Amino acid sequence: MSVACGAECVLILGCLRWAWKRCTYTGNDDSDTWPTATYEEFEPVPRICRTILAVNEPNLRSPKYPPEGGYRLNPDWVIKRATYEQTSGNAPPYLIYCDHEHQEIVVAIRGLNLLNESDYKVLLDNRLGKQMFDGGYVHHGLLKSAVWVLNNESDTLKKLWIENRKSYKMIFAGHSLGSGVASLLTIIVANHKDRLGGIPRSLLRCYAVAPARCMSLNLAVKYADIIHSVVLQDDFLPRTATPLEDIFKSIFWH
């Protein structure tokens, strides 16, 4: 009896220790040993974030929800704005912007809309080990969404890149759900450069803001030179363990 009680006490103490460490763990612990980003590395981030926010604006000439300082975008350089109606729920809304000032072609994809059912269908269309890609695993629903965007916009993006002397960078950017689509879109283009006129890897960039978990570790490492994740301290989405997705699905979807 005493041995059983002792084992039970050890188990309880172990669980309490785990809970304490889990509750007091912060995002700062993750990045404690990381080097500080250089100016060149961080400079595009605020600009790209403003472009992602601009996806929500029906008319950039008369913006309804401008951030402090405005979007700082030229409405004449907006090539296309796709709404939920135009994507038919296959992908979140997105914006194609040809930034002649910084010599970038930007595809900005909005984040999860808590009031839109199609976003949840994309997010929850997955299970562990369901979708293999390029020697690793990716999120099935987000990959389908990325393929849909590429199939619909490859001709436009290819034309823009060729018209601008094949010198502009191709930027895929997104927030939350959109970051997963942007990340997988980047991987697809990196493996099928001919879809965009043979664009080299050196001109591909992805900025994933509050990124959704969408690929296995080996792929994250393989594409770390072109996919940049931006995480704000303790933001729960990019720091949530993958198995919690199945818990969320079982509670809210079935």
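# Reading the labels on this model

User: What makes tyrosine 97 count as buried?

Analyst: Tyrosine 97 has a relative accessibility of 2%. Buried means under 20% relative accessible area, exposed means over 50%, and partly exposed lies in between (1.4 Å probe, protein chains only). With its 2%, tyrosine 97 therefore counts as buried. A note on the source: this is a predicted model, with residues numbered from 1 along each chain as its sequence is written. Local features need pLDDT of at least 70 and side-chain atom pairs count only at pLDDT 80 or more, while totals for chains, interfaces and linings use all residues, and side-chain values use heavy atoms, leaving out hydrogens and water.

User: Which aromatic residue pairs with tyrosine 97, and what is the pair called?

Analyst: The partner is tryptophan 77, and the pair is called tilted. Rings of Phe, Tyr and Trp (its six-membered ring) pair if their centres lie within 6.5 Å; planes under 30 degrees apart are stacked, over 60 edge-to-face, and the rest tilted. Here the centres are 6.3 Å apart and the planes make 50°, so the distance passes and the angle falls in the remaining class. By this rule the count comes to 1 aromatic pair. The two residues are 20 apart in the chain, with tryptophan 77 in the loop between helix H4 (44–53) and strand S1 (78–82), and tyrosine 97 in strand S2 (residues 94–99). For these names, helices (H or I, at least four residues) and strands (E, at least two) are DSSP runs, numbered from the N terminus. Tryptophan 77 counts as partly exposed because its relative accessibility is 24%.

User: Why is H4 described as largely enclosed by the rest of the structure?

Analyst: Because 7 of the 10 residues of H4 are buried. Those residues are Pro44, Val45, Arg47, Ile48, Arg50, Thr51 and Ile52. Their cover includes helix H3 (39–42), S2, S3, S6, S7 and strand S8 (227–230).

User: How do you know which strands are at the edge of the sheet?

Analyst: The open sheet has 6 strands in the order S1-S2-S3-S6-S7-S8, with mixed pairing. Two strands pair if DSSP finds at least two bridges between them. S1 and S8 each pair on one side only, and these are the edge strands. Averaged over the sheet, neighbouring strands are turned by 15° against each other, direction ignored.

User: What makes S6 and strand S7 count as paired?

Analyst: S6 (residues 169–175) is joined to S7 (residues 204–209) by 6 bridges, and the two run parallel. Two bridges would be enough, so the pairing holds. Within this pair, phenylalanine 172 stands opposite cysteine 206. From S6 the chain passes through helix H8 (residues 177–191) to S7, a β-α-β crossover that is right-handed. That label applies if, with the strands pointing away from the viewer, the path from the first strand over the helix to the second runs clockwise. S6 also pairs in the parallel sense with strand S3 (residues 104–109), over 6 bridges, and isoleucine 109 stands opposite glycine 174 there. With 5 of its 7 residues buried, S6 is mostly covered.

User: How do helix H7 and H8 pack?

Analyst: H7 (residues 140–163) and H8 meet at about 65°, with axes 8 Å apart. Axes are lines fitted to C-alpha atoms, for helices over the stretch in contact, and angles run from 0 to 180 degrees between N-to-C directions. The crossing of H7 and H8 is right-handed; a crossing is left-handed if the near helix is turned anticlockwise from the far one by less than a right angle, and right-handed if clockwise. Residues making the contact include Leu142, Ala146 and Leu150 of H7 and Val181, Leu184 and Ile188 of H8, where contact means heavy atoms within 4.5 Å.

User: Is histidine 140 buried or exposed?

Analyst: Histidine 140, found in H7, counts as buried because its relative accessibility is 17%. Leaving aside neighbours within four places in sequence, histidine 140 contacts Asp125, Asn126, Lys130 and Gln131.
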